[in-house]
Amino acid sequence: MKQIQSLSVVAPGFYGINTQDSGITLSSNFALVADNCIIDKFGRVGARKGWTSQTVDGVDQLSGLPIKFMMEHVNADNTVVTISGGNNKLLKNGDAGNTFTDITPALYTITNDYWKGASLYDHALIVQDGHEPIVYTESASPAAQTMTDYTGVTQSYGSSYPRDVVAAYGRFWTHDGATIYWSTDIADVTFPAFNGGTSGTLNISSVLPNNVDTIVALAAHNGFLIIFCEKNIVVYGGAENPIGNFALSDIIAGVGCSARDSVQNTGNDLIFLSDTGIRSLGRLLQEKSLPMRDLTRNIRDDLSELLQIAFAADPALKQVKSLYSEVNAFYLLSFPTSNIVYCLDMRQALEDGSARATRWVDYHATSFLRKRNRDVLIGYPNSINKYSGYLDGSDTYQMRFLSPYMDMQDSTMVKILKKVTATVIGGNNQAFIIKCGFDYEDSYDSYPFIIGSSTTAQYNIDEYNIAEYSKGSLLDKVDASVGGAGTVIQLGFETEVNNSSFSVQKLDIFMKTGRKI
């Protein structure tokens with residue numbers, strides 16, 4: 001009589017999703033599916049947080065339309081306000097229990113909500129392609145004015161209005177797709193004018209390969225101004241004092257940025273979306289050539305498919321939004337046309353330099369904001385929501401995981417499953433389903449349970465059910481008497497996240513083996 005053999009998969013899915021490599025050769029620490037998951041600080045696959053509404057009522061201002069832009073502006077007295085855009089309006093506050101206030105300048109026509117904003121020295125500069133820039137300062141009346149009204153002079157960009165803005169080195173930096181413009185600095189009495197004084201312009205066409213490319217985004221990093229074009233990246237030094245010191249430092253040819261709002265500064269690096277994946281500027285600067293590796297090499301085809309869908313709806317990818325959160329140690333990239341967010345864990349890279357990725361599905365994020373107090377805000381129809389709790393508003397959401405295909409290093413033996421044990425943390429009285437599949441078939445046997453309940457669902461053996469509380473979270477060992485056989489097996493689980501944190505510590509497989517006929 002053959003003895004029962006066991007296999008333990010500790011921290012299943014710890015390496016994140018990998019749909020790029022061959023499933024049979026993947027480490028069991030990868031996942032083929034990890035929906036509505038994060039990699040928590042203990043290296044476990046856990047449920048993402050949900051959201052709670054921060055808005056009293058935005059129906060009158062937004063009429064059911066989403067917030068597509070958010071920024072935090074710091075006033076002279078160090079108080080902050082949230083400025084947002086939706087329904088062709090500029091709005092103030094709308095978070096932390098406040099109502100929206102319409103601050104759109106009088107007689108100003110807005111035709112879209114893909115704004116970009118930056119805050120510096122009690123001034124917020126808000127720009128959008130085809131729209132005259134807006135200056136917001138709390139002490140002015142009205143607080144939001146067009147740049148021309150605020151300064152009283154014609155700006156150097158004329159009617160070629162800026163489409164991006166960053167605040168760095170004591171001034172604002174903008175571009176119109178072809179030319180860089182920088183404002184007077186904060187010591188100049190005309191700040192923040194793009195006219196005379198210490199302001200200036202730069203046309204980069206002469207330094208570009210073939211002299212042709214379109215500027216997509218700007219960023220500041222380590223004393224440099226980083227100019228992201230569609231197919232190239234141009235780096236200028238001396239940005240702290242551009243008058244006389246501005247000089248070309250480097251050109252990275254063949255790698256560009258596909259979406260303005262994908263660029264995020266992590267403190268020691270810049271992350272951005274290219275047409276071949278999410279990349280790290282630090283790696284590009286080091287290799288100074290098109291690298292063979294990127295942060296999303298393990299999900300390259302999936303990401304490419306989403307990019308094609310987003311591009312078909314919006315060739316400029318203005319709807320694609322991103323966020324970097326130091327507290328959560330993740331980079332989020334949202335595709336609102338598909339209601340999908342990719343989450344890259346930034347704590348530690350894999351051996352090949354890529355990031356551990358998970359996917360949030362049915363997630364309606366039309367904008368993001370990381371506040372000074374580290375709160376993460378999410379744009380939504382009629383409201384601004386905070387990333388917190390374990391409900392999407394008042395609704396539950398599904399967390400789903402599937403392992404790679406496993407042959408236990410022997411493809412000639414049939415594995416006859418007897419039992420699967422899942423060690424889970426959290427999820428008190430939460431539905432939990434263990435799933436088993438065999439031989440690459442797209443069908444699974446399901447075994448349902450209720451976590452932490454003394455009365456378990458069918459297929460659970462009570463004598464193996466252990467529940468105890470540890471540091472405020474429920475630790476439960478769920479045992480499923482399972483059936484089925486195949487030379488290759490796949491494990492997974494689904495759970496309905498219902499107002500409780502949840503993660504999986506370990507999966508244990510118990511089986512017998514036999515020769516394949």
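Are Phe 432 and Phe 502 buried or exposed? Phe 432 is buried, and Phe 502 is buried as well. The model in which these residues are placed is predicted. This report starts with the chain as a whole and then turns to single residues.

**The whole chain**

The protein chain is made up with 5 helices and 42 strands. Its radius of gyration is 26 Å, close to the 24 Å that the globule rule gives for 517 residues, so the protein chain is as compact as a globular protein of that length. Taken along the principal axes, the C-alpha atoms fill a box of roughly 90 × 50 × 40 Å.

Of the 517 residues, 56% count as buried. The protein chain exposes about 21,400 Å², and carbon and sulfur atoms supply 47% of that area. Contacts can also be sorted by distance along the sequence. Among those between residues at least 6 apart in sequence, 59% join residues at least 24 apart.

The charged side chains number 40 positive and 54 negative. The centres of these two sets lie 6 Å apart.

**Aromatic pairs**

A pair of aromatic rings is described by the distance of the centres and the angle of the planes. A search of the whole structure finds 22 aromatic pairs. Two of them are set out below.

| Pair | Centre to centre | Angle between planes | Kind |
|---|---|---|---|
| Tyr 157 and Tyr 181 | 6.0 Å | 85° | edge-to-face |
| Phe 432 and Phe 502 | 5.7 Å | 50° | tilted |

**Two buried strand residues**

Strand S42 also holds Ile 509. What is the relative accessible area of Ile 509? The value is 0%, and Ile 509 is buried. Leaving aside residues up to four places away in sequence, Ile 509 touches Gln 5, Ser 6, Leu 7, Met 406, Met 408, Leu 417, Lys 419, Ile 489 and Leu 491. Phe 42 is 467 residues from Ile 509 in sequence, and the two C-alpha atoms are 22 Å apart in space.

Lys 321 is found in strand S27 (residues 321-325). Its relative accessible area is 5%; a residue counts as buried under 20%, so Lys 321 is buried. Which residues does Lys 321 touch, not counting residues up to four places away in sequence? They are Lys 68, Tyr 114, Arg 260, Asp 261, Leu 332, Leu 333, Ser 334, Thr 366, Ser 367 and Phe 368. One of these, Leu 333, is 12 residues from Lys 321 in sequence, and their C-alpha atoms are 5.8 Å apart.

**Backbone details**

Most residues other than glycine have a negative phi, and most peptide bonds are trans.

The peptide bond from Ser 141 to Pro 142 is cis, with omega near 0°. Pro 142 sits in the loop between strand S14 (131-136) and strand S15 (144-146). Another cis peptide bond runs from Phe 191 to Pro 192, where omega is near 10°. The loop between S18 and strand S19 (200-203) is the place of Pro 192.

Asn 87 is not a glycine, and its phi is positive, near 55°. This residue lies in the loop between strand S9 (80-86) and strand S10 (89-93). Asn 222 also has a positive phi, of about 55°, although it is not a glycine. Asn 222 is located in the loop between strand S20 (215-221) and strand S21 (224-229). Is Asn 222 buried or exposed? Its relative accessibility is 63%, and Asn 222 therefore counts as exposed.

Conventions. Residues are numbered from 1 along each chain as its sequence is written. This is a predicted model: local features need pLDDT of at least 70, side-chain atom pairs count only at pLDDT 80 or more; totals for chains, interfaces and linings use all residues. Side-chain values use heavy atoms; hydrogens and water are left out. Helices (H or I, at least four residues) and strands (E, at least two) are DSSP runs, numbered from the N terminus. The radius of gyration is taken over C-alpha atoms; the globule rule is 2.2 Å times the number of residues to the power 0.38. Buried means under 20% relative accessible area, exposed over 50%, partly exposed in between (1.4 Å probe, protein chains only). Contact means heavy atoms within 4.5 Å. Accessible areas come from the Shrake-Rupley method with a 1.4 Å probe; for residues, only the protein chains shown count as cover. Lys and Arg count as positive and Asp and Glu as negative; His and the chain ends are not counted. The place of a charge is taken as NZ of Lys, CZ of Arg, CG of Asp or CD of Glu. Rings of Phe, Tyr and Trp (its six-membered ring) pair if their centres lie within 6.5 Å; planes under 30 degrees apart count as stacked, over 60 as edge-to-face and the rest as tilted.
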